[in-house]
Amino acid sequence: MNYEAQYHRKLTSADNAISAIPSESIISMGMRVATPPALLKALEKRVRADDIKKLKVYYMRCGGIAMKTIFQEDLLDRVRPFSSMLTKDEVKLAKKGFAKGKKYINYVPISFSRYPKIIKNQVNLDAFLVTVSPMDKYGYFNFGTSGDYAIELSRHADRLIVEVNKNMPRTSGQTLLHINEVDAIIENDIPLIEEPQRETSELDKKISDYIAPLIPDGATIQMGIGGVPNAVCEQLVHKKDLGIHTEVITIGMMNLIKSGAVNNSRKTLNTHLNVFTFAIGDRALYDFIDGNPSMACLPVSYVNEPQTIAQIDNMISVNSFIEIDFNGQVNAEFTDHQFSGVGGQLDFIRGVYYSRNGKTILASSSSAQGGKISRVVPRLNTITTDSRLDVDYVVTEYGCCQLMGKSTTERTHALINIAHPDFRDSLLKQAKAHNFI
């Protein structure tokens with residue numbers, strides 16, 4: 001088959017590609033790096049021309065691209081965002097809506113591993129929009145940085161529109177997309193969005209000092225995004241035979257791989273492969289995963305599936321929290337408003353529990369807002385890790401405690417001991433008042 005001829009038959013402008021989406025429709029789009037700028041700009045034009053009457057958008061982490069196009073405040077009478085993982089900009093927009101008595105952002109709580117299945121079962125998608133790498137001579141595009149839900153939902157939609165960008169890397173794993181599966185193609189060779197690594201602070205390093213000793217040689221690790229995971233990665237460079245099975249590949253994890261500490265030789269699943277479901281970082285990271293056969297980008301329904309994680313011996317999961325209560329229940333998504341989303345934290349906590357010699361570690365600073373608020377609290381209103389039975393190790397800059405198997409009284413004392421000293425007396429009084437001790 002002549003794939004080049006097929007490519008040119010499907011190649012069109014962004015405006016023309018978007019014109020095929022019904023005036024009242026439901027769509028989804030690639031997340032983070034894979035959010036397609038030219039297609040969303042064309043979609044914005046259709047909304048402003050009053051050619052889109054009602055548009056529901058299901059997605060996670062769209063980044064600034066959608067905020068500058070289809071999610072602008074004056075368009076939200078016709079565009080309805082349904083997000084399962086909010087960015088800071090979406091939070092700001094949501095708060096603007098609350099102040100006006102309007103619902104600008106619809107939050108859909110779904111754990112990352114279940115997202116593709118739930119959307120496929122409950123939502124009929126008219127279109128999926130995503131950025132991909134250029135087609136090869138065999139007729140295959142590549143999802144590049146973003147396997148996540150794109151691998152599955154792109155094939156669930158009635159219409160698949162791809163924005164080809166030569167800067168999108170080609171990754172190994174299950175990221176191939178054949179031209180026969182694509183309905184329309186546009187080209188837009190612009191720099192990919194980047195998130196440079198934040199410098200690790202002294203606070204991050206103090207927290208990582210308690211985490212690194214919990215990770216033995218031969219462990220397989222999952223790290224979240226942020227200063228603490230980066231600081232942990234910096235401390236692990238002298239470990240041996242580490243493996244990676246993680247939701248996200250970051251600059252910190254790339255540097256750990258480059259150090260030689262990671263070889264995946266002792267993994268009990270996907271031996272010799274760094275497994276991930278999306279990547280976010282700088283150009284150096286995108287170049288590192290480009291064509292790298294050791295970097296396997298797989299669907300989130302596999303990577304984050306607890307039954308997958310359970311098959312990996314010595315699995316260590318490191319994630320953050322906003323608050324933890326005396327029972328050991330965790331809030332990782334809500335402050336005075338929806339702050340982010342459930343994400344994959346609970347996926348890994350559930351899976352690691354069944355991993356032989358596995359450990360889950362939840363780490364954050366002991367206080368927030370410049371020391372005004374304690375992250376250790378008596379009781380939570382919003383719970384991300386919804387079972388107090390699942391939480392194991394908790395770390396702040398003041399120490400590490402293990403909650404698994406401990407009574408509520410023991411948990412309370414342990415958490416107060418790693419809380420910020422300024423709050424310990426008041427926490428002790430509240431513990432007594434609530435009959436925890």
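Y115, F128 and Y149 form one aromatic cluster, where rings of Phe, Tyr and Trp (its six-membered ring) pair if their centres lie within 6.5 Å. The model is predicted, with local features needing pLDDT of at least 70 and side-chain atom pairs counting only at pLDDT 80 or more, while totals for chains, interfaces and linings use all residues. Residues are numbered from 1 along each chain as its sequence is written, and side-chain values use heavy atoms, leaving out hydrogens and water.

**Aromatic rings**

- The structure holds eight aromatic pairs.
- The ring centres of Y353 and Y354 lie 4.9 Å apart with the planes at 90°, so this pair is edge-to-face (planes under 30 degrees apart count as stacked, over 60 as edge-to-face and the rest as tilted).
- Y353 is partly exposed at a relative accessible area of 48%, whereas Y354, at 60%, counts as exposed (buried means under 20%, exposed over 50% and partly exposed in between, with a 1.4 Å probe and protein chains only).

**Helices α15 and α16**

- The axes of α15 (residues 408-417) and α16 (residues 421-433) come within 10 Å and cross at roughly 165°, and the two helices are therefore roughly antiparallel to each other (angles under 35 degrees count as roughly parallel, over 145 as roughly antiparallel, 65 to 115 as roughly perpendicular and the rest as oblique).
- On the α15 side, T412, I416 and N417 meet R424, L427, L428 and A431 of α16, where contact means heavy atoms within 4.5 Å.
- By class, this contact of α15 with α16 has four nonpolar, two polar and one charged residues (Ala, Val, Leu, Ile, Met, Phe, Trp, Tyr, Cys and Pro count as nonpolar, Asp, Glu, Lys and Arg as charged, and the others, Gly among them, as polar).

Methods
Axes fitted to C-alpha atoms, helices over the stretch in contact; angles between N-to-C directions. Helix = DSSP H or I, 4+ residues; strand = E, 2+ residues; numbered from the N terminus.
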